[in-house]
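Please take a moment with the sequence and the 3D view below.

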Amino acid sequence: MSPPRRKERGLVRPYVVTDGRAHPTRNTLDLVTLVMAMTDRPLAGLSPEKRRLMDLCRGGALSVAEVAGHLDLAISVTKVLLSDLIDSGHITARAPVPRAELPQAQLLQEVLDGLRARL
């Protein structure tokens with residue numbers, strides 16, 4: 001039985017892709033942060049990885065996790081590249097819409113009791 005085929009990785013190491021940085025310039029990127037490419041920004045001078053990222057994000061809003069998955073990059077590398085592109089104005093990011101907080105049962109009971117008392 002032959003060994004399972006491993007997916008070929010690029011020869012460029014993550015620290016080369018991120019210019020030796022392990023942390024993004026901003027700590028606001030979460031896995032579900034949505035990113036979109038600005039279509040009016042030139043791509044000249046961007047690394048191949050940043051160009052691929054821009055091409056992917058021009059299709060609409062994607063989460064950081066989706067970008068990392070599509071580009072087959074580690075989340076940490078993706079965050080560094082995205083933060084660079086946000087700093088240069090190529091990418092915009094926004095936090096996802098927070099989940100609506102459900103009211104506590106006690107509060108609902110008090111409202112119900114108040115309404116019954118008035119009727």
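**A strand residue, the fold and a salt bridge**

Serine 63 lies in strand β2, which spans residues 62-63, a strand being a DSSP run of E of at least two residues and a helix a run of H or I of at least four, both numbered from the N terminus. This is a predicted model, in which local features need pLDDT of at least 70 and side-chain atom pairs count only at pLDDT 80 or more, while totals for chains, interfaces and linings use all residues. Residues are numbered from 1 along each chain as its sequence is written, and side-chain values use heavy atoms, with hydrogens and water left out.

With a relative accessible area of 11%, serine 63 is buried, because that word applies under 20% relative accessible area (1.4 Å probe, protein chains only). Leaving aside neighbours within four places in sequence, serine 63 is in contact with Leu31, Val32, Thr33 and Leu34, where contact means heavy atoms within 4.5 Å.

Turning to the whole chain, there are five helices and three strands, arranged from the N terminus as α-β-α-β-α-α-β-α. Of the 119 residues in the chain, 25% are buried.

A search of the whole structure finds one salt bridge, defined as a side-chain nitrogen of Lys or Arg within 4 Å of a carboxyl oxygen of Asp or Glu. Aspartate 84 forms a salt bridge with lysine 50, and their closest N and O atoms are 3.3 Å apart. The pair links distant parts of the chain, 34 residues apart, with aspartate 84 in helix α4 (residues 75-87) and lysine 50 in helix α2 (residues 48-57). Both aspartate 84 and lysine 50 are buried.

Methods: Buried < 20%, exposed > 50% of the residue type's maximum accessible area, 1.4 Å probe, protein only.
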